[in-house]
Amino acid sequence: MENKYKEGQVVHAKVNPALKLVIRRYVDRIYYCKVLDDPTRKELVYFEREIEANPD
């Protein structure tokens, strides 16, 4: 099964749609994301069902 979101894609968590995330890595059905506005902040980890693509 292929991952839904690609590395570098901007998404947001369903619980916090105001916080924009960038997909950094996808491993074992887990997405590792960096905060778009604060790249020095600790990485956040989500399952696919917990994130959504940002409308462009």
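N16 counts as partly exposed, at 34% relative accessibility; on this scale buried means under 20% relative accessible area, exposed means over 50%, and partly exposed lies in between, with a 1.4 Å probe and protein chains only. N16 has its place in strand β2. Its C-alpha atom is separated by 9.4 Å from that of I51, a residue 35 positions away along the chain.

The model is predicted: local features need pLDDT of at least 70, side-chain atom pairs count only at pLDDT 80 or more, and totals for chains, interfaces and linings use all residues. Residues are numbered from 1 along each chain as its sequence is written, and side-chain values use heavy atoms, with hydrogens and water left out.

## Overall architecture

The protein chain has zero helices and five strands. Helices (H or I, at least four residues) and strands (E, at least two) are DSSP runs numbered from the N terminus. In that direction, the order of elements in the protein chain is β-β-β-β-β.

The radius of gyration of the protein chain is 10 Å, which agrees with the value near 10 Å that a compact globule of 56 residues would have. This radius is taken over C-alpha atoms, and the globule rule is 2.2 Å times the number of residues to the power 0.38. The C-alpha trace spans about 30 × 25 × 20 Å along its principal axes.

Of the 56 residues in the protein chain, 29% are buried. The chain exposes about 4,200 Å², and carbon and sulfur atoms supply 50% of that area; accessible areas come from the Shrake-Rupley method with a 1.4 Å probe, and for residues only the protein chains shown count as cover. Among contacts with a separation of 6 or more, 33% are accounted for by residues 24 or more positions apart, where contact means heavy atoms within 4.5 Å.

## Charges and salt bridges

The protein chain carries 11 positive and 10 negative side chains, and the centres of the two sets lie 3 Å apart. Lys and Arg count as positive and Asp and Glu as negative, while His and the chain ends are not counted. The place of a charge is taken as NZ of Lys, CZ of Arg, CG of Asp or CD of Glu.

Side chains of opposite charge can pair when their charged atoms come close. A salt bridge is defined as a side-chain nitrogen of Lys or Arg within 4 Å of a carboxyl oxygen of Asp or Glu, and the count by this rule is two.

| Salt bridge | N to O distance | Relative accessibility of each partner |
|---|---|---|
| E2 and K6 | 2.7 Å | E2 55%, K6 42% |
| R24 and E43 | 2.1 Å | R24 38%, E43 24% |

E7 is found in the segment before β1 (10-13) and is exposed, with a relative accessible area of 57%. Not counting residues up to four places away in sequence, E7 touches I23, R24, R25 and Y26. E7 and I51 are 44 residues apart in sequence, and their C-alpha atoms are 14 Å apart in space.

E50 belongs to the loop between β4 and β5 (51-53). At 32% relative accessibility, E50 counts as partly exposed. With residues up to four places away in sequence left out, E50 touches H12, A13 and K14. E50 and V11 are 39 residues apart in sequence and 10 Å apart in space, C-alpha to C-alpha.

## Backbone in the loop between β2 and β3

Most residues other than glycine have a negative phi. D28, although not a glycine, has a positive phi of about 50 degrees. D28 is found in the loop between β2 and β3 and counts as exposed, at 65% relative accessibility.

R29 is found in the loop between β2 and β3. R29 is not a glycine, yet its phi is positive, at about 65 degrees. With 64% relative accessibility, R29 counts as exposed.
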